[in-house]
Amino acid sequence: MLRGTISFDIAHLLAGSLVLVSFMQLYQDRLYALLNVYALHALVLAASVGWQAFVQDAPHLYLTAVIALVFKAIIIPTALHRIIVRLGIHREIETVVGVGPTMLLGMGLVALSMVVMLRVTAEADPLAREDLAFALSVVLLGLLLMVTRRNAVSQVVGFMSLENGLVLAATGAKGMPLVVEISVAFSVLIAFIVIGIFLFRIRERFDTVDLQALDRFRGERR
Amino acid sequence: MIDALTGVLAIPAVAAVLLAAFPGYRLTARLNVVAALLTFVTASSLYVVEPVSGSYLLVDDLNKVFIVLTTFVGFTTSVFSASYIGHEIEIGHLTPKFVRFYHAMYQALMFAMNLALVANNIGLMWVAIEMATLTTVLMVGIYRTHEALEAAWKYFILGSVGIALALFGTILVYMAARPVIGEGVEAMVWSVLMTRAAHFDPALLNVAFIFLLLGYGTKVGLAPLHAWLPDAHAEGPTPISAVLSGLLLNVALYALLRFKMLLALNPAAIAPGPLMVIMGLISCLFAAFMLYRRRDIKRMFAYSSIEHMGIIVFAFGMGGALANFAGLLHMTMHSLTKSAIFFAVGHIAQVKGTQKIADMGGLTVTNPVLGWGLVLGVVAIAGLPPLGIFMSEFLVLSSTFAREPWLAIILAIGILVALGGLFMRLNTIAFGAPRGPTAKADASYVPMFAHLALVFITGIYMPAPLVKGFENVARLLG
């Protein structure tokens with residue numbers, strides 16, 4: 001490509017791995033396994049962001065990488081592990097759609113994001129371009145994970161991997177101001193606090209985090 | 001240097017911290033009112049002395065309207081909230097500890113909304129809207145019942161997804177701006193973006209707008225992205241329903257309008273109007289029909305909010321000076337009327353001890369002031385003359401009819417269907433034999449009637465400065 005082929009290839013490899021790990025999340029049917037794969041997801045993100053920091057010579061991005069590594073890859077999975085143990089729901093995940101159709105849907109979404117992003121960014125520099133396409137894939141796969149799961153914990157994991165996709169996009173956009181990266185990391189933090197409170201309350205009230213139990217109520221029945 | 005611009009942000013921020021620290025709900029309720037009033041006064045002073053816009057904060061004719069409206073309704077809602085919360089504590093729905101938290105969150109929400117309105121940076125604006133979402137999630141879940149938790153969870157998940165899509169759109173706008181403006185903060189500043197928009201890559205802008213429309217559209221409550229809205233309105237405390245309907249939806253709409261203006265400046269990009277027209281029409285029609293199946297009074301008015309946001313987005317989508325004027329007027333009237341209705345509904349639900357429409361009846365006999373207040377509010381929201389919403393809906397329809405008669409007819413059908421649905425339910429609630437408890441309400445009627453009086457006056461006579469101000473903004477919106 002245009003400049004340093006190796007640096008481009010490595011960025012490409014890492015962003016591509018993130019999409020791959022997103023796929024791995026889709027077919028995990030146990031909560032522990034899902035959390036481990038999520039930790040891997042965050043790890044790959046940290047590596048990718050770190051590489052971008054190096055390539056773009058943007059030291060503030062190292063901070064984002066560290067946040068991804070410490071907060072997303074270590075603290076959150078550990079905390080969620082504990083919640084799962086405490087709630088005693090470490091057995092199976094119920095998937096609404098089967099694994100086969102989910103994977104097919106996932107492939108369709110990746111194809112869609114490639115078609116959309118590669119076409120509209122024809123003039124942008126290749127690194128940003130491919131990064132954006134991968135980032136959109138990760139975002140869409142995160143959404144897919146959220147809609148195919150009923151369990152509150154796995155929905156949260158879906159949301160967090162969606163956020164990872166956003167961080168990938170933000171770091172791929174060269175020179176994007178620090179404001180946004182911190183805000184992204186910060187929002188994840190706040191989001192996690194909120195979720196934590198929710199999980200606690202949900203557990204307190206119903207002893208389950210299966211959202212189907214919540215869905216019983218529709219509000220319109222007499 | 002402390003100017004009005006800093007004031008509208010600093011007052012609620014300081015108040016939020018103070019309210020979190022003070023015990024005693026009577027004191028905090030009063031402090032809440034005082035802080036909201038101060039913010040409103042400060043916001044109004046923006047019209048007298050215009051502060052200098054920096055690279056992070058911005059004041060222009062467009063956001064001044066939104067800020068003044070937001071702080072005004074924020075103030076009246078805090079007055080209503082004081083008497084509503086007093087009753088909730090008496091009957092034991094809320095404990096004083098939760099009320100302290102609630103008041104702090106109320107001011108935090110006001111801060112977040114004001115920040116979203118004055119932000120001159122697309123990233124900062126996004127952060128503010130995300131913050132507003134999170135504070136409202138916490139308040140919707142404050143009763144901690146089964147239903148409230150489900151509503152808050154649903155709102156949280158759908159709101160976060162919407163916000164995430166909006167961030168992706170924001171990043172794409174930056175990507176489009178970067179080659180033209182250069183790297184760094186400048187490429188995210190509204191006032192810079194607006195001057196250079198014509199040279200941005202149109203393809204990137206198009207995709208960005210789709211994401212922004214879906215993302216912020218979720219927060220506006222446009223169908224089919226509205227699923228969180230009725231639940232959040234029905235299960236949270238009623239003052240929050242009033243603020244959600246009257247203000248937060250507007251703030252998300254404001255973000256959308258800014259991006260629409262940006263796209264309009266780029267000749268090669270898609271026209272954002274038709275997309276907004278379609279989503280507006282779908283929302284209006286869908287919500288109008290959904291009104292007929294409602295059994296819960298707060299849910300019913302939540303669907304009515306979706307209908308009106310649909311009309312407003314439709315009007316802005318049509319564009320042009322007249323339609324924009326109508327949209328702006330409709331937005332203002334809807335905020336005032338809908339919050340007045342929620343003030344009435346809050347007290348009604350407290351008197352009756354339920355939100356089920358079937359358990360209420362004959363309100364005009366048992367609680368005449370509340371009952372007639374609600375009737376007046378529904379008459380206003382349904383768009384009957386001579387109230388303000390009639391005028392704005394008439395303007396939307398007539399300006400559309402001159403350009404796209406078919407669209408106007410579809411919209412008119414939506415409005416009429418909604419009118420039928422609202423009156424059918426109103427009949428059960430306000431007239432006929434009294435049903436349910438008939439205790440006298442310990443209510444504050446001032447905010448409700450103040451709003452309705454404003455709507456009434458605007459329907460009959462609009463002062464010239466107001467017309468001129470709105471015309472100015474309508475021109476800005478293009």
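What percentage of the contacts in chain A with a separation of 6 or more is accounted for by residues 24 or more positions apart? After that, please go through α10 (238-264) of chain B and what surrounds it.

Analyst: This is a predicted model, in which local features need pLDDT of at least 70 and side-chain atom pairs count only at pLDDT 80 or more, while totals for chains, interfaces and linings use all residues. Residues are numbered from 1 along each chain as its sequence is written, and chains are lettered from A and ligands numbered from 1 in the order in which they are written.

In chain A, residues 24 or more positions apart account for 71% of the contacts with a separation of 6 or more; a contact here means two C-beta atoms, placed from the backbone, within 7 Å. Chain A has eight helices and zero strands, where helices (H or I, at least four residues) and strands (E, at least two) are DSSP runs numbered from the N terminus. Of its 222 residues, 45% count as buried. A residue is buried if 20 or more other C-beta atoms lie within 10 Å of its own, exposed if 12 or fewer, and partly exposed in between, with C-beta atoms placed from the backbone.

Now to α10 of chain B. This helix packs with helix α4 (residues 96-118) of chain B at an angle of about 25 degrees, the axes being 9 Å apart. Axes are lines fitted to C-alpha atoms, for helices over the stretch in contact, and angles run from 0 to 180 degrees between N-to-C directions. The two helices are therefore roughly parallel to each other; angles under 35 degrees count as roughly parallel, over 145 as roughly antiparallel, 65 to 115 as roughly perpendicular and the rest as oblique. Their crossing is left-handed, that is, the near helix is turned anticlockwise from the far one by less than a right angle, whereas clockwise would be right-handed.

On the α4(B) side, the residues in this packing are B:L109, B:M113, B:A116 and B:L117, and they meet B:V243, B:L247, B:L248, B:V251, B:Y254 and B:A255 in α10(B).

B:Y254, in helix α10 of chain B, is buried, as 23 other C-beta atoms lie within 10 Å. Leaving aside neighbours within four places in sequence, B:Y254 is in contact with B:N63, B:F66 and B:L117. Between B:Y254 and B:L117 there are 137 residues of sequence separation, yet their C-alpha atoms are 7.5 Å apart.

Not counting residues up to four places away in sequence, B:A116 touches B:M125, B:A128, B:I129, B:A132, B:V251 and B:A255. B:A116 and B:A128 have the most contacts inside the largest nonpolar core, a set of 252 residues. Helix α6 (residues 146-181) of chain B gives the most to this core, with 24 residues. Such a core is a set of buried Ala, Val, Leu, Ile, Met, Phe, Trp, Tyr and Cys residues joined through C-beta atoms within 7 Å.

Another neighbour of α10(B) is α11(B), whose buried residues pack against α8 (202-220), α10 (238-264), α12 (297-318) and α17 (405-430) of chain B. Those buried residues include B:P272, B:M276, B:L281 and B:M290. The 19 residues of α11(B), 272-290, should span 27 Å at 1.5 Å a residue, and the end C-alpha atoms are 27 Å apart, which agrees; the expected span is 1.5 Å times one less than the number of residues.

α8(B) gives a similar check: its 19 residues should span 27 Å, and its end C-alpha atoms are 25 Å apart, which agrees. In α8(B), 14 of the 19 residues are buried, so that the helix is mostly covered. Just after α8(B), B:G221 takes a positive phi of about 90 degrees. The peptide bond from B:A223 to B:P224 is cis, with omega near 0 degrees, and B:P224 sits in the loop between α8 and α9 (228-235) of chain B. Most residues other than glycine have a negative phi, and most peptide bonds are trans.

B:P386 is found in the loop between α15 (368-381) and α16 (388-403) of chain B.
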